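Let's walk through this structure together, one feature at a time. Please keep the sequence and the 3D view open as you read.

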Amino acid sequence: SEIYRRGVFINRAFEELVLTSPAMIRDIHASYIKAGADVITTNSFGGNPIRMKEFGLDERTEEMNRTAVLLAKEEAGDRAFVAASIGPIGHRLAPVGRISPGEAFRAFQTQASALEAAEPDLFILETFYDERELWQAVRAVRTVSKRPVVACLSFPPRRGEPPEGAAEALIRVSGWPIDVVGTNCAA
């Protein structure tokens, strides 16, 4: 939202800005720290090779993810923790979609490995609507890191759907090899 507010439109890969506009990304991190944030997230939410291929940036996935952590760490110093952000791949998993769980796992593993190489304080897996996809992300992170993992499911408003379903999903996820379970981008 902050990047969009600063005039970068959604037809671009926001993750690429760590390479093309690092001053903007640093300034965003600094503004959150100045506002009192104890944790800042890297600008790597959609930085997996499947999503980056749509922008012709799949070959730069690792560079973008490492740089995202390094920029955040530079601004955070000892004033805030740095959470390496991983979001969904941007496509539904098979059999409904065209991406197999294995492909999703490999994409998340590529991203998580690059993020881990730059040594964030923790990982945040955020805005996942599909538990199966979140599971692939959790598995991928756990193959490359022992750092704390925050896993967040999102529950878009659906007419007539009782909130108990969301609670049950969070309970299921809480048994995974993660440290914190939560929700974001939900009504």
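The paragraphs below go from the pocket to the salt bridges and end with the backbone.

What you see is a predicted model, in which local features need pLDDT of at least 70, side-chain atom pairs count only at pLDDT 80 or more, and totals for chains, interfaces and linings use all residues. Residues are numbered from 1 along each chain as its sequence is written, and side-chain values use heavy atoms, with hydrogens and water left out.

Let's begin with empty space. Rolling a probe the size of a water molecule over the atoms shows where such space is left. A pocket here is an open set of points on a 1 Å grid over the protein atoms alone, where a 1.4 Å probe fits, with protein on both sides within 12 Å along at least five of seven lines; its lining residues have an atom within 4 Å of a point. The largest pocket holds about 750 Å³ of space, a volume being the space filled by probe spheres set on the points, which are joined across faces, edges and corners. Its lining is made of 30 residues, and Ser-1, Ile-3, Thr-41, Asn-43 and Phe-45 are the ones nearest the centre. Two or more lining residues come from each of H1, helix H3 (22-34), strand S1 (39-41) and strand S3 (122-128). Such helices (H or I, at least four residues) and strands (E, at least two) are DSSP runs, numbered from the N terminus. Which element gives the most to this lining? That is H3, with four residues.

Now for the salt bridges. Side chains of opposite charge can pair when their charged atoms come close. A salt bridge is counted when a side-chain nitrogen of Lys or Arg is within 4 Å of a carboxyl oxygen of Asp or Glu, and the structure has 10 of them. One joins the side chains of Glu-74 and Arg-26, at 3.0 Å from N to O. This pair links distant parts of the chain, with Glu-74 in helix H5 (residues 61-76) and Arg-26 in helix H3, 48 residues apart. Arg-26 counts as partly exposed because its relative accessibility is 29%, where buried means under 20% relative accessible area, exposed over 50%, and partly exposed in between (1.4 Å probe, protein chains only).

Another salt bridge brings together Arg-12 and Glu-16, at 3.9 Å from N to O. Is Glu-16 buried or exposed? Glu-16 is buried, because its relative accessible area is 19%, while Arg-12, at 34%, is partly exposed. Arg-60 pairs with Glu-63, their closest N and O atoms being 2.9 Å apart. Salt bridges also link Glu-2, Arg-5, Arg-6 and Asp-27 in a network.

Ala-94 and Pro-95 are joined by a cis peptide bond, with omega about 15°, and Pro-95 sits in the loop between strand S2 (81-86) and helix H6 (101-117). Glu-119, a residue other than glycine, has a positive phi near 60°. Glu-119 is found in the loop between H6 and S3 and, at 48% relative accessibility, is partly exposed. Thr-127 also has a positive phi, near 65°. Thr-127 belongs to strand S3 and is buried, at 12% relative accessibility.
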